[in-house]
Amino acid sequence: MKTISVGKAMDMMALWPALVNTLAVLATVAVVSTGATRWMLVAPLVPLAIIVWRQRRTVLRVPRGVGGLGRYLTARFILIAAAGAQLFVASEFQALETVAFVLAVVALAAEPVVRSGNGIAVPYASNFPDHEPRNRAVFPYGWMFPLNLLGLLALVLTGLAAIPLLAAAVTLSSVSIVLALLAFSDIGRRIQTRRRFQANLEERLKEIGPRFYLYWNAPPRSAFQVTMWLPYLERLDVPFVLVVRTVPNFRQLEAATEHPVLLRRSIADLDALIVPSVRGVFYVNNAMRNNHMVRYSSLTHIQLLHGESDKPASATPIIRMYDRDFVAGQAAIDRFDKFGVSMHRDIFRIVGRPQVEVVEEERGPIGMLEEQSVLYAPTWLGLQAETNYSSLLAGPEIVRGLIDRGCRVIFRPHPYSRQDRGLRQACAEIQRLLEIDTESTGHEHLHGDIAEQEMSVMDCFNVADAMISDVSGMVGDFLHSGKPLAMVSPRTGARNFVEEFPMARAAYVLEVVGSSPVNLQATLDALMKTDPLREERQRWATYYLGNIPRENYVERFVQTARKELGLDC
């Protein structure tokens, strides 16, 4: 069972706001009951200090978007009251004080309104011809948050130097209010522009004439699911539009492509997409919201997925809701039978994995290479315990074994790996090992942003002479290279692992118990020296990637997609 830290538990139960609110009330009571003594200034500073500490990442960097607007709002209102109580008890509540406190209250009250307005003024479209969208604020509204915090601090400390601190509070609150007014104006223009675009959306789509949509809904850091398919969808040589359901997804694709991108947040928003030119929809995952789009029965719905493996997730009954399932090879079809999922055979189309067209063949038998490079590409935890096939906890030991053999390591973990604390620490330890080895030996290991951002998965394949991976779609793609590979079995012995995951028959199985590899040296000998499975891998490559000529590998996908969409009619 996954443990939850104390800090995480406090966040989940909203204990931090409750604590800060309580301290703010106690500070106000203390000021009123004991009088405005100098030492009593400490009481309001305690909850204010906690707010600053909790929001330190927001406060200490240039604001992005709405920043911390609306955070700890109740406590900050109470602290304004505490500061006012200090002055009232000291009989110093004059005109300047009144102005300072009124402005502070107005500035603070504007925060949640600006935040809510920004939530209404969501992005809506990008890359549409003859349209200049208003998808972003003209300035970061979040500047109001640090200004209001500083103004509150000045009010709390007025007992030290009333006139200058009150003047500072008036100035800071005034600037914050001006920013709020500018934000309201900008929000209004953004909403108006979006509404005008929405009113004419069907006409705009008819002008573009999209023949299909690529529909996508996914967690953060998942844009790779879409970008891996864009070059091959472009080869269909017809207009298309990308449709997303959330603002984060929109931001990801807006930055990743020049194709038109539409944000459709509600089910009703999807109705406007059904224009005469559209023949079908492509999907790259099995997101729950896919069924919102599949309900349009006049379109052909085609599942592509973003990778295939022997995991149960690649043979889910959910696939039945699509009209077609494009698979790489016969292995993907047989997988449904293996997991007891009955499927109508006409749903499948074997199209290969177009992405592997750029995968280069081996330089030669690995045992004959003077310098060897090995790609270590572990997967993540998965969504349930039974789908956790990650070897990352044993990753440091695996990488040490590679370093000891003097090879160059390319380290590319799954993009979701750093969502888990334990896997995040393993990634950091592996990178430290590689950095230390680079300093001592000069080996140019590839890791971090270079291997995970600047290089694609296929780039990593091409600079490697062998790969160590887990149960993931990368294994099937790597088979196209003909290079040796090893798969890590994190829970069972090699025999059971091969029975459960037939793809392992083309690999050398590295057994792991906990965080310790069991047969590391023997596996590395087979992987990097003798390579007895060299001929066997070709047979499995055909089974998993289709019996498709290498020289025109992508044409199978292009021709099949055009046929299913009726583009050649």
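**Sheet arrangement and helix packing in the predicted model**

The model contains an open sheet of 8 strands in the order 1-4-3-2-5-6-7-8, with mixed pairing. Strand 1 (125-126) and strand 8 (348-350) form the edges, each pairing on one side only. Strands (E, at least two residues) and helices (H or I, at least four residues) are DSSP runs numbered from the N terminus, and two strands pair if DSSP finds at least two bridges between them. The structure is a predicted model, in which local features need pLDDT of at least 70 and side-chain atom pairs count only at pLDDT 80 or more, while totals for chains, interfaces and linings use all residues. Residues are numbered from 1 along each chain as its sequence is written, and side-chain values use heavy atoms, with hydrogens and water left out.

Helix 14 (residues 330-338) packs on the sheet, where it touches strand 7 (324-327) and strand 8, and its direction makes about 150° with that of strand 8. Contact here means heavy atoms within 4.5 Å. Axes are lines fitted to C-alpha atoms, for helices over the stretch in contact, and angles run from 0 to 180 degrees between N-to-C directions.

Strand 2 (residues 212-216) pairs in the parallel sense with strand 5 (residues 280-283) over 4 bridges. Strand 2 is also joined by 5 bridges to strand 3 (residues 240-244), and these two strands run parallel. Within this arrangement, Phe212 stands opposite Gly280 in strand 5. Leu214 has Leu242 as its bridge partner in strand 3 and stands opposite Phe282 in strand 5. Because 5 of the 5 residues of strand 2 are buried, this strand is largely enclosed by the rest of the structure. Burial denotes under 20% relative accessible area, with exposed over 50% and partly exposed in between (1.4 Å probe, protein chains only). Phe212, Leu214 and Trp216 point one way from strand 2, whereas Tyr213 and Tyr215 point the other way.

Helix packing was examined next. The axes of helix 7 (residues 144-156) and helix 8 (residues 162-199) come within 8 Å and cross at roughly 160°. Helix 7 and helix 8 are therefore roughly antiparallel to each other; angles under 35 degrees count as roughly parallel, over 145 as roughly antiparallel, 65 to 115 as roughly perpendicular and the rest as oblique. Their crossing is left-handed, a term used if the near helix is turned anticlockwise from the far one by less than a right angle, and right-handed if clockwise. Residues of helix 7 including Met144, Leu147 and Asn148 meet residues of helix 8 that include Leu172, Val175 and Ser176. By class, this contact has 12 nonpolar, 3 polar and no charged residues; Ala, Val, Leu, Ile, Met, Phe, Trp, Tyr, Cys and Pro count as nonpolar, Asp, Glu, Lys and Arg as charged, and the others, Gly among them, as polar.

Ser176 lies in helix 8 and counts as buried because its relative accessibility is 0%. Not counting residues up to four places away in sequence, Ser176 touches Ala107, Met144, Leu147 and Asn148. Helix 6 (residues 95-120) and helix 8 have axes that come within 8 Å and cross at roughly 25°. Helix 6 and helix 8 are therefore roughly parallel to each other, and helix 6 passes helix 8 in a left-handed crossing. The contact of helix 6 with helix 8 has 20 nonpolar, 5 polar and 3 charged residues.

Helix 15 (residues 395-404) is largely enclosed by the rest of the structure, because 7 of its 10 residues are buried. The buried residues include Gly395, Pro396, Ile398 and Val399. Just after helix 15, Gly406 takes a positive phi of about 75°.
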